[in-house]
Amino acid sequence: MANSRHRFLRVAIAIDMLVLFALCSASAFAAEGQFSKALRSRLQAETLTEIDLGKVGPFAWEDMYIFQPRTTREENCKIVAVDWFECRFTFPSVVGDDEYFLVFRRKGQIIRAERHPRSNGAFGTSSIRHPQPVLVSAAVFRVEPTSSADGKPAFQLEYQPQD
């Protein structure tokens, strides 16, 4: 009788932990992050021709990865070289069509990962391919004002290699 009660409690605790993990993971990927909001604010408040992303966020980082729409968790985890658990806890299964996924590291460790809607600044394809990761010391991007499909102001961000 005691063994079945202990087994039941272990199973119940395991299920509770899985549900809690799923809820935490889902909420972690639900909205734009601090960096993304700060970038949007800067782009909308100022007339910029270029922006240094190293000076945007409210936290210190050394390098940043920009994952484009429709990339998968498995693809992105290979690029950052994280273990299975950190991969599952940090990355969405697929990056959405209208967003990017940004991963910031310091001393080789992920310190922040967040969604970045295209409406807060769309990264050009050259920005995503080269360099990966973007070093904070070279995180200068050209800003090109554009319009979104609904006519609202939008911004294209293109990586500017440092000479």
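Which residue in strand 8 does phenylalanine 123 stand opposite? In this predicted model, phenylalanine 123 stands opposite leucine 157.

**View 1. Strand 5 and strand 8 run parallel and are joined by two bridges.** Strands here are DSSP runs (E, at least two residues) and helices likewise (H or I, at least four), both numbered from the N terminus. Residues are numbered from 1 along each chain as its sequence is written. Because the model is predicted, local features need pLDDT of at least 70 and side-chain atom pairs count only at pLDDT 80 or more, whereas totals for chains, interfaces and linings use all residues; side-chain values use heavy atoms, without hydrogens and water.

**View 2. Four strands form an open sheet in the order 1-7-8-5, with mixed pairing.** Two strands pair if DSSP finds at least two bridges between them. Strand 1 (50-52) and strand 5 (122-123) stand at the edges with a single partner strand each, so one side of each has no neighbour in the sheet. Helix 2 packs on the sheet and touches strand 1, strand 7 and strand 8, contact being heavy atoms within 4.5 Å.

**View 3. The largest pocket has a volume of about 240 Å³.** A pocket is an open set of points on a 1 Å grid over the protein atoms alone, where a 1.4 Å probe fits, with protein on both sides within 12 Å along at least five of seven lines, and lining residues have an atom within 4 Å of a point; the volume is the space filled by probe spheres set on the points, which are joined across faces, edges and corners. Of its 15 lining residues, Arg118, Ser119, Ser148, Pro153 and Ala154 are the closest to the centre. Strand 8 (153-159) is one of the elements that supply at least two lining residues, and its four residues are the largest share.

Methods
Axes are lines fitted to C-alpha atoms, for helices over the stretch in contact, and angles run from 0 to 180 degrees between N-to-C directions.
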